[in-house]
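Notes follow in the order I looked things up.

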Amino acid sequence: VSQVLIRSFNSTARNRFQNRVPEKQKLFQEDNDIPLYLKGGIVDNILYRVTMALCLGGTVYSLYSLGWASFPRN
């Protein structure tokens, strides 16, 4: 394998990524009365609502199934 190929492969991967940790630290450490799990933006808000809807739907369905199973058919 050529040294030029190895050198170009290693240097492109290093130049492509930026260190965005300080930006994220500022965002998540702000004191703006937003819960930590919603500080990521609109995507976090959508994921939170979908998760809550699935949890509530599963709870209601499991209670319905338990009630249906507790009354045997004749």
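**Fold.** I counted three helices and zero strands in the protein chain, taking helices (H or I, at least four residues) and strands (E, at least two) as DSSP runs numbered from the N terminus. Along the sequence I read the pattern as α-α-α.

**Ground rules.** I'm working from a predicted model, where local features need pLDDT of at least 70, side-chain atom pairs count only at pLDDT 80 or more, and totals for chains, interfaces and linings use all residues. Residues are numbered from 1 along each chain as its sequence is written, and side-chain values use heavy atoms, with hydrogens and water left out.

**Confidence.** I checked pLDDT, the predictor's confidence in each residue from 0 to 100. The chain averages 86, and 80% of the residues score at least 70. Helix α1 (residues 3-16) is where confidence is lowest, at a mean of 60, while α3 has the highest, at 96.

**Surface.** Of the 74 residues, 1% count as buried; my classes are buried under 20% relative accessible area, exposed over 50%, and partly exposed in between (1.4 Å probe, protein chains only). The chain exposes about 7300 Å², with 63% of that supplied by carbon and sulfur atoms. Those areas come from the Shrake-Rupley method with a 1.4 Å probe; for residues, only the protein chains shown count as cover.

**Helix α3.** I looked up isoleucine 46 and found it in α3, which spans residues 42-70. Isoleucine 46 counts as partly exposed because its relative accessibility is 48%. The UniProt record, an unreviewed entry, annotates residues 46-64 as "transmembrane region"; such annotations may be inferred rather than shown by experiment. Over residues 46-64 I get 100% helix and 0% strand, with the end C-alpha atoms 27 Å apart.

Which side chain does asparagine 32 make a polar contact with? It is that of glutamate 30, at 3.3 Å (a polar contact is a pair of N or O atoms within 3.5 Å; within protein, one must be able to donate a hydrogen and the other to accept it, and residues adjacent in sequence count only if both atoms are side-chain atoms). Asparagine 32 lies in the loop between α2 (21-29) and α3, and at 33% relative accessibility asparagine 32 counts as partly exposed.

I then stopped at aspartate 33, in the loop between α2 and α3. Aspartate 33 has a positive phi of about 60° although it is not a glycine. Most residues other than glycine have a negative phi. Aspartate 33 counts as exposed because its relative accessibility is 75%.
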